[in-house]
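Have the structure open as you read along.

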Amino acid sequence: MIIVMQIGATEEQIQLVAETIRARGCEPLILPGQDRTAIGVPASLNNDQRLSLEAVLSAMDGVSKVTQTSHPYKLASREFHRTDSVVQVKNVVIGGGEFVVMGGPCSVESYEQFSLAAKIVKDSGATILRGGAFKPRTSPYSFQGLAEEGLKILKAVGDETGLVTISEVMSGDMVPLVSEYVDILQIGARSMQNFPLLIEAGKSGKPVFLKRGPAAQIDDFLLAAEYVLNQGNPHVILCERGIIPLDRTYTRNTLDLAAVPVLKEHTHLPVIVDPSHGTGVAKYVNPMAKAALVVGADGIMVEMHPDPKSALSDGSQALTPEQFTKMMTELRQLGEAIGRPLA
Ligand code: PEP
Ligand code: MN
């Protein structure tokens, strides 16, 4: 249940509502918003208790409306926030109607490699530059990223090109370091339920790009987002990046494109699709990127490397500069045709 207070409801009225909820044995979650406060009630009451509490609360001073949430997540739900949330990072608006493209290599490997990639991203009209400095690799013997050196390259190239930057942070204690260098904190698929990390990312107030875990259900995904939101950080962007496949013969993951309209229905948060990890195969990235645009995603994240054959991670799914530029041209044409212009 969510109690939406009136604009201008007093602190006393809010506390009285909270006390009334506590008197029924529930701990209220007070959620101050931009212009009004909402109060969440955990779903621990039976039907009769809920209806009786709803009647009492609806009549209280300062209460605008009482709505039932059918979901375990509250702040992430459309019931809590009807209109689409927009995350603005510098001059880039994510979730505002235009289709946003994030591009760049899986890993930052050197200044030369990364600045070359950034130039292609920028020249092709994409607005966000990706690159991992801390890499979550399945094997400890695989390339682990350049760590802080990689972040320094990322920041230098971001400053030179004016592109917004995004990079992964793998643990809560690394949030301050990564925040110093990048505009958007990426929380990787494997870290989706690293709760201390979600909390620290929430506390940082930085935009958070949260990837869906390979085995996460939609509710798990939105509850992970809820961890960031309930630290008072509304700047959350969701990313569908593929789930565990039935058949790994042809693709690395199964890109769950149906998750896009599902998420759009149940949450107000922007949704990005990652067709690179979603397929694991460079030649399937462009068609799935177009599909993402058509199903209503707010953008895509795509891996591109100046020389995929020599990439230190995820080379087989990286587009070449030519393929990336071609994808951008085709997305622009498609976007115009269906009224979803590229940012
Ligand atoms: C990445 O973006 O390079 C990455 C490691 O993605 P994911 O967490 O989706 O596997
Ligand atoms: Mn990768």
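Which of the 13 residues around ligand 1 come nearest? They are Arg130, Lys135, Ala189, Lys211 and Arg241, where near means a heavy atom within 4 Å. This is a predicted model, with local features needing pLDDT of at least 70 and side-chain atom pairs pLDDT 80 or more, while totals for chains, interfaces and linings use all residues. Residues are numbered from 1 along each chain, chains are lettered from A and ligands numbered from 1 in the order written, and side-chain values use heavy atoms, without hydrogens and water.

**Ligand 1**
- The shell around ligand 1 holds seven charged residues (Asp, Glu, Lys and Arg count as charged), three polar and three nonpolar ones.
- Oxygen atoms of ligand 1 have polar contacts (N or O pairs within 3.5 Å) with side chains of Arg241 at 2.6 Å, Arg130 at 2.7 Å and Glu303 at 3.2 Å.
- The protein covers 98% of the 300 Å² of accessible area that ligand 1 has on its own (Shrake-Rupley method, 1.4 Å probe).

**Manganese ion (ligand 2)**
- Its donors (N, O and S atoms within 2.8 Å of the metal, or 3.2 Å for Na, K and Ca) are Cys106 (SG), His277 (NE2), Glu303 (OE) and Asp314 (OD), at 2.1 to 2.4 Å.
- Along the sequence, the donor residues are spaced C-x170-H-x25-E-x10-D.

Notes: A polar contact is a pair of N or O atoms within 3.5 Å; within protein, one must be able to donate a hydrogen and the other to accept it, and residues adjacent in sequence count only if both atoms are side-chain atoms.
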